[in-house]
Amino acid sequence: MKDWFKSAVVYQVYPRSFMDSNGDGIGDLQGIHSKVDYLKSLGINTLWLCPIYPSPNDDNGYDVSDYLGIHPDFGNLQDFAELTAKLKSEGIRLILDMVLNHSSDEHQWFQESRTSKPPNSYSDYYIWHPSIGEDSTEKPIPPNNWTSIFGGSAWKWCQERREFYLHLFSEKQPDLNWENPRVREELFEVCRTWARRGVDGFRLDVINLISKKKGFPDVPDSLLHSPDQHYSCGPRIHEFLKELHQEVFAPFGSMSVGETPGIDSNLAALYCARERSELNMIFGFDHMCVDHGPGGIWDPAVFRFEQFFSILSHWQEQMQRYGGWNSLYVENHDQARFISRMCKQEEFLNEAAGLVATLLLTLKGTPYIYQGQEIGMRNVAYQSIEDYHDIWTLNHYRDSVESGDRPSEVLRRIHYRSRDNARTPMQWNCSENSGFTNGKPWIKVSPSYPDVNIENAQTDLKSPLHVYRSLIEIKQNDPVFIEGKFQRLESRLPGVFAYLRGERRLIVLNFNAIQMPIGDLLGANTKLVFSSQRDSCHGPLDKLQPYEGRIYS
Ligand code: GLC
Ligand code: CA
């Protein structure tokens with residue numbers, strides 16, 4: 001089907017934490033296989049798997065050591081074939097995560113590259129640079145001040161080659177050299193191989209970082225806290241994406257979604273406007289920064305709702321104007337649980353989750369639901385840093401404590417922000433370890449699992465699960481929710497976000513934890529077709545309950 005990505009409803013699985021089939025405490029492909037029926041019952045039609053390839057797991061699989069294999073923790077190619085067959089039989093498409101900006105330092109390409117200089121065939125597969133001198137202790141000085149997104153310098157000295165290599169993430173994730181046509185061809189062939197194995201599309205990890213600025217200029221001080229902005233959109237980025245499109249996506253009809261940190265809504269169209277033949281859509285980050293303080297991601301600030309609404313509207317309008325397409329998400333394996341960020345009142349967490357569901361499924365674009373989001377999984381707050389695993393979290397803890405911050409204060413930030421908030425095991429039921437494993441889970445289960453779990457949610461009508469299910473069904477049966485025009489309605493009520501889809505679908509979302517009259521927003525006696533608060537479906541329309549979203553048509 002042409003443009004199937006527009007009617008995709010994507011569910012993202014973090015394989016390590018989804019379902020363990022063999023009791024080793026790590027989720028795996030057979031585990032996912034055993035839950036396809038659940039996914040089907042939710043109504044989603046596309047599954048995105050985070051990396052499943054062999055990896056030393058410095059960054060949980062985003063450091064790939066073999067692009068064509070399956071990590072033994074997850075199974076093997078036979079398990080993969082069985083999973084794809086099962087998905088096909090249920091009409092669920094599959095997209096894989098492709099990490100093309102960097103590989104693992106344990107990848108054979110890097111092993112060859114580090115030991116030899118030109119003309120060895122792998123010598124230019126990565127980004128090597130001589131030192132620019134020595135400091136007073138005779139240590140080589142790196143080419144510039146770039147910092148790794150995970151902390152520390154982005155350059156690592158390699159004694160064998162007597163040169164630095166660039167790593168925008170951990171030092172075990174050397175950046176691939178896209179200037180080298182052989183590297184590009186290798187990576188295209190990797191994607192083609194997976195497409196031939198039956199994969200329907202790709203999520204492209206930090207894809208706007210693949211082209212590096214010429215001459216490696218220093219980052220201005222003002223951007224030191226958000227280095228990705230400085231590294232992104234190098235001079236050949238659009239050329240490389242066009243090539244990817246032409247070599248892989250177009251011939252296989254693959255869906256493509258690029259993860260693009262540092263791209264705002266004005267630049268977005270350059271990546272996904274239809275006639276540019278680059279990507280189908282991108283993951284923007286603007287709306288995920290509305291609770292960042294001046295110090296960036298590790299400086300949590302109050303959640304700015306009005307900013308959140310205007311960013312979302314602006315992206316909607318820009319994509320409409322330029323013929324691009326939005327991806328709609330608020331959670332993934334890199335983000336803390338959204339309801340914990342947005343809603344400070346425990347008693348409204350379920351409502352908040354229902355509201356988020358309504359937002360994702362009624363805005364224009366392709367919704368992405370992250371595992372556990374549909375039952376309102378929330379942040380954890382482990383008291384010991386020992387219980388955390390994420391490299392970014394651990395580096396932040398180490399660097400902050402070393403620079404004098406109180407450990408308790410650093411932990412508070414980690415409770416709010418750590419990526420591990422999203423990586424705790426999926427909560428299937430209230431048995432030990434939430435039904436995720438019979439063994440010892442690789443990361444602790446969240447203490448919320450006895451209440452918040454899939455089994456309870458099935459019968460608890462207040463669970464957001466039912467909002468997701470109903471809205472997924474509505475979206476799939478009402479083309480207005482796919483192609484219908486988005487138009488924001490100005491609301492004088494703070495915390496209320498209202499918009500039209502097409503001519504006649506009105507969506508009103510009340511993010512306020514106070515009862516809110518909506519009389520002045522709604523003129524006519526519109527008929528209510530859906531409410532995230534199921535029991536008020538047919539009630540009078542004069543009030544929107546706290547954290548309530550409604551659709552009128
Ligand atoms: C992306 C991934 C993240 C990973 C990073 C480096 O942002 O989503 O999990 O750590 O890229 O690959
Ligand atoms: Ca396992």
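Predicted model: local features only at pLDDT ≥ 70, side-chain atom pairs only at ≥ 80, totals over all residues.
**Exercise 1. The second largest pocket**

Solution. 
Step 1. Find the residues at its centre. The lining has 28 residues, and D3, F5, K6, R274 and N280 are the closest to the centre of this pocket.
Step 2. Assign the lining to elements. Helix α7 (237-252), strand β8 (255-259) and helix α9 each give at least two lining residues.
Step 3. Sort by class. The lining of the second largest pocket has 11 nonpolar, 11 polar and six charged residues.

**Exercise 2. The largest cavity**

Task: How many cavities of 30 Å³ or more does the whole structure have, and what lines the largest cavity?

Solution. 
Step 1. A probe the size of a water molecule, rolled over the atoms, shows where empty space is left.
Step 2. Count. The search returns four cavities of 30 Å³ or more.
Step 3. Take the largest cavity. About 180 Å³ of space lies in it. Its lining has 18 residues, with H287, L312, W315, N326 and S327 the closest to the centre.
Step 4. Assign the lining to elements. Helix α9 (305-322), strand β12 (327-328) and helix α11 (349-362) each supply at least two residues. Helix α9 gives the largest share, five residues.
Step 5. Sort by class. The lining of the largest cavity divides into 12 nonpolar, five polar and one charged residues.

**Exercise 3. One lining residue, S327**

Task: Is S327 buried or exposed, and what does its side chain reach?

Solution. 
Step 1. S327 is part of strand β12.
Step 2. Apply the cut-off. S327 has a relative accessible area of 10%. Buried means under 20%, so S327 is buried.
Step 3. Find the partner. The S327 side chain reaches the backbone oxygen of I282 at 2.7 Å.

**Exercise 4. The second largest cavity**

Task: Which residues line the second largest cavity?

Solution. 
Step 1. Take the volume. The second largest cavity has about 40 Å³ of space.
Step 2. List the lining. The residues are V330, E331, F338, I339, A353, V356, Q373, G376 and Y468.
Step 3. Assign elements. Helices α10 (338-342) and α11 each contribute at least two residues to this lining.
Step 4. Sort by class. Six lining residues of the second largest cavity are nonpolar, two are polar and one is charged.

**Exercise 5. Ligand 1**

Task: How many residues surround ligand 1, and how far are the side chains of H333, D334 and R419 from its oxygen atoms?

Solution. 
Step 1. Count the surroundings. There are 14 residues around ligand 1, and the closest are D59, D205, E259, H333 and D334.
Step 2. Take H333. An N or O atom in its side chain is 2.8 Å from an oxygen atom of ligand 1.
Step 3. Take D334. Here the distance from a side-chain N or O atom to a ligand 1 oxygen is 2.4 Å.
Step 4. Take R419. An N or O atom of the R419 side chain lies 2.9 Å from an oxygen of ligand 1.

**Exercise 6. An arginine in a strand**

Task: Is R550 buried or exposed, and which side chain does R550 contact?

Solution. 
Step 1. R550 sits in strand β20 (residues 548-552).
Step 2. Apply the cut-off. R550 has 2% relative accessibility. That is under 20%, so R550 counts as buried.
Step 3. Find the partner. The R550 side chain makes a polar contact of 2.6 Å with the side chain of E548.

**Exercise 7. Backbone angles**

Task: What is the geometry of the peptide bond from P118 to P119, and what is phi at N57 and S277?

Solution. 
Step 1. Most peptide bonds are trans, and most residues other than glycine have a negative phi.
Step 2. Check the proline pair. The bond from P118 to P119 is cis, with omega near 10 degrees. P119 is in the loop between α4 (108-115) and β4 (128-129).
Step 3. Check N57. Its phi is positive, near 65 degrees. N57 lies in the loop between β2 (46-49) and α3 (77-89). The residue is partly exposed, at 22% relative accessible area.
Step 4. Check S277. Phi is near 50 degrees, again a positive value. S277 belongs to the loop between α8 (265-272) and β9 (281-283). Its relative accessibility is 32%, which counts as partly exposed.

**Exercise 8. Cysteines**

Solution. 
Step 1. Count. The structure has zero disulfides.
Step 2. Classify C158. At 1% relative accessible area, C158 is buried.
Step 3. Classify C430. C430 has 46% relative accessibility and is partly exposed.

Note on methods:
Residues numbered from 1 in each chain as written. Chains lettered and ligands numbered in written order. Heavy atoms only, no water. Disulfide = S-S within 2.5 Å. Buried < 20%, exposed > 50% of the residue type's maximum accessible area, 1.4 Å probe, protein only. 1 Å grid on protein atoms, 1.4 Å probe; cavity = no way out; pocket = protein on both sides within 12 Å on 5 of 7 lines; lining within 4 Å. Points joined across faces, edges and corners; volume = space filled by probe spheres on them. Helix = DSSP H or I, 4+ residues; strand = E, 2+ residues; numbered from the N terminus. Nonpolar A, V, L, I, M, F, W, Y, C, P; charged D, E, K, R; others polar. Near = heavy atom within 4 Å. Polar contact = N/O pair within 3.5 Å; in protein donor to acceptor, adjacent residues only side chain to side chain.
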